Amino acid sequence: MLHLFPSINNSVQSIRFKTLNPCISLSRLCHFKAKRGFDSLNQTSSVQNSVAVFWDLDNKPPNAFPPFEAVVKLKTAASSFGVVRSMVAYANQHSFSYVPKAVREQRRERKLLNQLENKGVIKSIDPYVCKVCGRRFYTNEKLVNHFKQIHEREHQKRVNQIESARGSRRVKLVGKYSMKMEKYKNAAREVLTPKVGYGLADELKRAGFWVGTVSNRPQAADVALRDHMVDVMDKRKAECLMLVSDDSDFVGVLKEAKLRCLKTVVVGDADDGALKRVADAGFSWTEILKGKAKKEAVSVVGKWKDRDILKKLEWTYDPEVERKLYGSEDMFDDESEDLDFDGSDDGNSSDYIHKEDSGAWWELDTESDPDSSKSQ
């Protein structure tokens, strides 16, 4: 019978949901109005304890640390505040083509070792093993040449074959070559030198980041990252925002996030930066890599829970809600109708007022007044 009356069906579902979830009436103060209904309640339940990570690569690139290791440590620290739902990074083309000083020094040392190995001055104790076919070489340069002449060409043939296929054939080829292509990528990461940069974008993508490339115009990455953060706040996709940057231009976004009752965490090297003063918690890259941030996150999350409980216990006056619950206006109207202010009385009240005002205003009534009046 309920399918004949959809409004009744919806009301029954809402009543059942309210009985199962007694805490849904406790809402937080935000700029936006929550949509009533079953879908919005499911959305808010999925957003709870969710974390979104935003990385400003132009301002804070992982120059002193391997990119993949830095991302893994960052994700581990972010997971201490909740479930990591999204990880986003923005940078211009120059940031991806730039090679840090530490990477340049490693490449220079590797080139010098290759020259000494070719001349026979030094010899490696363990042979160089190809991780694709398993062949062994006594010099690193022979391994690189073998990898480029055989495995790189085979990989390029597979890629061309997949790109030229269409429909179901393309799907079958992707499934057929997926293991071989993944094995090649893992081996090439250690053998071949990236043609552009040092593989920052590929390492971030491999660790789970969505990487966005913007133009080389000034503040282009900051604008794109700021817009992405505002979009996440508007759509309520996360409850905690983690920002990796030292740029003070993001102060306004963090303040807006706090006004919307969102938690904020900043990762940067500036000890007393503008972002860390605004955010709820702040960590440095050293604390992230050493695991100190993960330990301190326990106390930070505990403070957040206490603050949420206190906010739920706060009482706010809403005239419309009070009028609906208690009908205060009708009660006062009924009382005003029952009262009679026509001024008619039997004279007793005027006599009482006269007796009270008979004495002077500075004279006080004491217990000795009746005795004195009798003696007179």
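First, the ground rules. This is a predicted model, where local features need pLDDT of at least 70, side-chain atom pairs count only at pLDDT 80 or more, and totals for chains, interfaces and linings use all residues. Residues are numbered from 1 along each chain as its sequence is written, and side-chain values use heavy atoms, leaving out hydrogens and water.

Now the sheet. It is open, with 6 strands in the order 5-2-1-6-7-8, paired in parallel. Strands here are DSSP runs of E, at least two residues; helices are runs of H or I, at least four; both are numbered from the N terminus. Pairing takes at least two DSSP bridges. Strand 5 and strand 8 stand at the edges with a single partner strand each, so one side of each has no neighbour in the sheet.

Look at strand 1, residues 50-56, and strand 2, residues 83-92. They pair in parallel over 7 bridges. Trp55 stands opposite Ala89 in strand 2. Strand 2 also joins strand 5, residues 210-214, through 5 bridges. There, Tyr90 faces Gly212.

At the other end, 3 bridges join strand 7 to strand 8. Val267 stands opposite Phe283 there.

Next, helix 3. Which of its residues are buried? Pro67, Ala70, Val71, Leu74, Ala77 and Ala78. Buried means under 20% relative accessible area, with a 1.4 Å probe and protein chains only.

Technical notes: Buried < 20%, exposed > 50% of the residue type's maximum accessible area, 1.4 Å probe, protein only.
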